[in-house]
Amino acid sequence: MAMDDACDLLCLDLPHAERIRAALPDITRVEPVAGMARGLGDSTRLRIAAALLEGAELCVCDTAWIVGASQALVSHHLRQLRTAGVVTSRRDGRMVMYQLSDRGRAVLSVLVEVDNGTAVDSDGDGDAVLEGADRV
């Protein structure tokens, strides 16, 4: 028998619910954070951001080689990360250099703790993770 996810009875602990509701951040404060979370919501983008956390500033070519993806794919994901406010970019001659924004670094530091920059496949599923990184 499958369990339904909704209550069968309408009950409300109004004082408790009102305290929680009053403590919630305003939607205008939550929306930028939600955009950043969406930006990091893809495994390729999360790996790119983790590479930038370790490498400080990288060009598209280096980032593509590090994460093992095409330059076109990495460039696409870096644009999405920039739109989400996770990374910033600057042009250096014919290259575009990317680095984590201050906010992107803060959010990523919460998600991934990098003690050692060695990539390992610790659980055998084919996804290399940074050794010493906490799993989310």
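Two residues are in contact here when they have heavy atoms within 4.5 Å of each other. The model is a predicted one, where local features need pLDDT of at least 70 and side-chain atom pairs count only at pLDDT 80 or more, while totals for chains, interfaces and linings use all residues. Residues are numbered from 1 along each chain as its sequence is written, and side-chain values use heavy atoms, leaving out hydrogens and water.

Let's start with Thr-63, which sits in helix 4 (helices are DSSP runs of H or I with at least four residues, strands are E runs of at least two, and both are numbered from the N terminus). Setting aside neighbours within four places in sequence, Thr-63 is in contact with Ile-48, Leu-58 and Val-74. Thr-63 is buried, as its relative accessible area is 0% (buried means under 20%, exposed over 50%, partly exposed in between, with a 1.4 Å probe and protein chains only).

Beyond its neighbours within four places in sequence, Leu-100 is in contact with Ala-49, Leu-52, Leu-53, Ala-56, Val-86, Val-87, Arg-105 and Leu-108.
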